[in-house]
Every structure is written in C-alpha cells, then in structure tokens.
Amino acid sequence: MNQNMRREDRLITDPERIREIFAKAQVLHLGLKDGEAVYVVPLSYGFTVDAAGHYCLYCHSAAEGRKISLIGEGAAVGFALDTGMDLFTAETACGYGTLFESVIGEGRATLLADDGEKRVALQALMDHYESHRDWDFPDKMLGMMQVIKIDVTAFTAKSNR
C-alpha cells in the first residue's frame, strides 16, 4: 500500500511498526474536497487491519454537518495521523526540526447505514482508546450519529527518529 516518497530513508515498511503508529496516534486529520477548497477536520478514530494488511478507519460524527455533506454517498479522502512529536532545536533557525512517526494516506469514505456495522465500527473506535471493555451502543444513540468508514487504498508510513 505504500506510495513513492522522496525520503526513502524514513520509509517504514514493517507491518508491525505501521500498526503501532495507527495504534499510538490519538487524532486522525481527515481531508475532504469541498469545491475548489480542501476541508480538514481532526477526529477521534478506530481501525481494523486484516491479515493482508488492509486497513479500515472508523470515525463518528453528528448526524449532519459539513463533513457528512461532503462524504454523501461516498467520497475520496486523504488522512494523516502522527505520534511521538518532539521538537528539537539548533543554533540556526533552519536547523530546528521535529521527531515523529506518521501515516499519510488516502481512501474512500462512506457512511454506514447498518446498525450492526455501526456497532462494530464504534467498538473499534473505543478499543483504540480503551481496549479492555465491551461497550453498549443503544439504538437511540446510533440514530443520532453518523459513523464514517474509510477504506484505505494507499498510505505511506514514515519516521524521523
């Protein structure tokens, strides 16, 4: 799923290290095309990964709003997540930098309609932040929100450590 990148010395290809970045990052930045502009929104997220290394990301949202309108029946999206951010300084301005690990990718976002699929997605989201509980997702709650599924089609994982 990796795309070409300029700094191949920073490319992460080990599946376990990539999964660790998905697991350690706390916020997903979702980019959606809005006419001639790009709308980027930070979201809580969860994820699943199958044996072949295919990722699906899940986010929840209010039932209406800009991102829901932009996703509609399905939309191409971009996303970024990062972890381990640490600024380092230097004697010169351009010597400053940031240590990090990140995943930047693209995929197809859809809104889940089936309550069973929503529950699975929301459990993945909750597992990302607190994996030792089975959560209850009442029908009433599910009816008041949208659950977004992002089928990841390509990504690069990178480290500056």
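**Close-up views of the predicted model**

View A. The model shown here and in the views below is a predicted one. Tyr-55 has a relative accessibility of 3% and is therefore buried. Tyr-55 also forms an edge-to-face aromatic pair with Phe-155, with 5.8 Å from centre to centre and 85° between the planes. This pair links distant parts of the chain, 100 residues apart: Tyr-55 belongs to strand 5 (residues 55–62) and Phe-155 to strand 8 (residues 145–160). Phe-155, like Tyr-55, is buried. The count of aromatic pairs comes to five. In the pair of Phe-47 and Tyr-55, the ring centres are 6.0 Å apart and the planes lie at 40°, so this pair is tilted. A single aromatic cluster is formed by Phe-22, Phe-47, Tyr-55 and Phe-155.

**View B. The hairpin of strand 4 and strand 5.** Strand 4 (residues 46–49) pairs with strand 5 in the antiparallel sense, over four bridges. Thr-48 has Cys-56 of strand 5 as its bridge partner. Five residues separate the two strands of the hairpin, and Gly-53, in the turn, has a positive phi of about 85°.

View C. A disulfide is a covalent bond between the sulfur atoms of two cysteines. The count of disulfides in this model is zero. For Cys-56, the closest cysteine sulfur is that of Cys-59, at 12 Å; this is too far for a bond, because the two sulfur atoms would have to lie within 2.5 Å. Cys-56 has a relative accessibility of 9% and is therefore buried. Cys-94, in contrast, has a relative accessible area of 80% and is exposed.

View D. In soluble globular proteins, nonpolar side chains tend to be buried together. The largest nonpolar core in this model holds 27 residues, and Phe-22, Leu-28, Phe-79, Leu-81 and Ile-150 have the most contacts inside it. The elements that contribute two or more residues to this core include helix 1 (15–24), strand 2 (28–34), strand 3 (37–43), helix 2 (66–71), strand 6 (75–88) and strand 7 (97–111). Strand 8 supplies the largest share of this core, five residues. Another core, of 10 residues, lies apart from it and includes Cys-56, Tyr-58, Leu-122 and Met-145.

View E. Beyond residues up to four places away in sequence, Phe-79 touches several residues, among them Phe-22, Leu-28, Val-103, Ile-104, Val-152 and Phe-155. Ser-102 is located in strand 7. Its relative accessibility is 7%, and Ser-102 is therefore buried. When neighbours within four places in sequence are set aside, Ser-102 is in contact with Ile-21, Leu-81, Asp-82, Thr-156, Ala-157 and Lys-158.

**View F. The whole chain, for orientation.** The chain has four helices and eight strands. From the N terminus on, these elements follow the order β-α-β-β-β-β-α-β-β-α-α-β. The radius of gyration is 17 Å, close to the 15 Å that the globule rule gives for 161 residues, so the chain is as compact as a globular protein of that length. Taken along the principal axes, the C-alpha atoms fill a box of roughly 55 × 40 × 30 Å. Of the 161 residues, 37% count as buried. Among contacts with a separation of 6 or more, 71% join residues 24 or more positions apart.

Notes
Residues numbered from 1 in each chain as written. Predicted model: local features only at pLDDT ≥ 70, side-chain atom pairs only at ≥ 80, totals over all residues. Heavy atoms only, no water. Buried < 20%, exposed > 50% of the residue type's maximum accessible area, 1.4 Å probe, protein only. Phe/Tyr/Trp six-rings, centres within 6.5 Å; stacked < 30°, edge-to-face > 60°. Core = buried A, V, L, I, M, F, W, Y, C linked by side-chain atoms within 4.5 Å. Contact = heavy atoms within 4.5 Å. Pairing = 2+ DSSP bridges. Rg over C-alpha atoms; globule rule 2.2 N^0.38 Å.
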